[in-house]
Amino acid sequence: MQRLDIKTFKSIVFFTGAGMSAESGIPTYRGQGGIWHEYKIEEVACQEAFERDPLRVLQFHELRRQKVLECRPHAGHRVISDIEKELDNVVVVTQNIDGMHQFAGCKNVIELHGSLWRLRCPVHGVWEDKGEKYTSYHCPHCDRWARPDITWFGDLLDNQVIVQAEEMMVRADLLITIGTSAVVWPAAGLVQVALQNRVLSIEINPKATSVSHLYEQSIRGQAGQVLPELLSWK
Ligand code: NAD
């Protein structure tokens, strides 16, 4: 594989999906071992379920936190974090909620679908809670049930976050998309925004996706192997 020197780019976006975390041991939705084979979305991952049985929903998310804490960032996460430390024009836009980019040391991460490591009260807003178990299931200010700060099925995305991500896509002159089927909105739309702007675009995925043909380069391979081989930045 020919190395790509990324020093000369003005604005670099790494756009990641569930496949980025697959080699860390976190299953994708559509792959084998996905959580939705075992659990029903309507029972644990939507607002209606939370209103019906908040404790069950919170305990399900604690289980997901435990699973993620058993996993570690892989070589691909570390490459992105090393690049972010070296260059000041790098952002990760991710659909993942697992925080794996931050575990690898990334600071500049836009989380489109929220985070497993935050809770939210409808009145008092969002706070971080990073342990295996939640410190409390309730808001520290008003004692309402706390909700995971995640975009569940049927939820709207945070508009501010979308606007921020769009700005990054408009500005990007290098887009590297990793491990997403990019079929879910806003993923599909965000990629289109960047591609319209004549960026150098690269997709990394072991399988072809419905948008592979839109990229200048579509590399068939695993994130943890391709990223260290492909990029040079020093
Ligand atoms: P997806 O499950 O639709 O697609 C995953 C893609 O990753 C597939 O195209 C697959 O071929 C590819 N892939 C698998 N292993 C890979 C590897 N080692 N390297 C590179 N690519 C690999 O996931 P999606 O497109 O992210 O969309 C589904 C939604 O589910 C998103 O909202 C996502 O945030 C969410 N989700 C998140 C997590 C997480 O936080 N880790 C896990 C599952 C699903």
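Mentor: Start with contact: heavy atoms within 4.5 Å. Angles come from axes fitted to C-alpha atoms, for helices over the stretch in contact, and run from 0 to 180 degrees between N-to-C directions. Helices (H or I, at least four residues) and strands (E, at least two) are DSSP runs, numbered from the N terminus. In this structure, helix α4 (residues 54-69) lies across β5 and β7, at about 150° to β5.

Trainee: What kind of model is this?

Mentor: A predicted model: local features need pLDDT of at least 70, side-chain atom pairs count only at pLDDT 80 or more, and totals for chains, interfaces and linings use all residues. Residues are numbered from 1 along each chain as its sequence is written, and side-chain values use heavy atoms, leaving out hydrogens and water.

Trainee: In what order do the three strands of the open sheet stand?

Mentor: Pairing first: two strands pair if DSSP finds at least two bridges between them. Here the order is β6-β5-β7, with antiparallel pairing. β6 (125-128) and β7 (147-150) are the edges; each has a single partner strand, so one side of each lacks a neighbour in the sheet. Ignoring direction, neighbouring strands are turned by 50° against each other on average.

Trainee: How many bridges join β5 and β7?

Mentor: Three, in the antiparallel sense, with β5 covering residues 114-121. G114 stands opposite I150 in β7.

Trainee: Is the pairing in the open sheet of six strands parallel or antiparallel?

Mentor: Parallel, in the order β4-β3-β2-β8-β9-β10. β4 (109-111) and β10 (217-219) are the edge strands, each pairing on one side only. From one strand to the next, the twist averages 15°. Look at β8 (residues 174-178) and β9 (residues 200-204): five bridges link them. I176 has I202 in β9 as its bridge partner.

Trainee: Which strands does helix α7 touch?

Mentor: Helix α7 (residues 159-171) packs on the sheet and touches β2 (12-16), β3 (90-94), β4 and β8. Its direction makes about 135° with that of β4. Helix α9 (residues 223-230) lies across β2, β8, β9 and β10, at about 145° to β9.

Trainee: Which residues of helix α8 are buried?

Mentor: Buried means under 20% relative accessible area, exposed over 50%, partly exposed in between (1.4 Å probe, protein chains only). In α8 (residues 187-196), the buried residues are A187, L190, V191, V193, A194 and L195. They pack against β2, α7, β8 and β9. Just after α8, R198 has a positive phi of about 55°.
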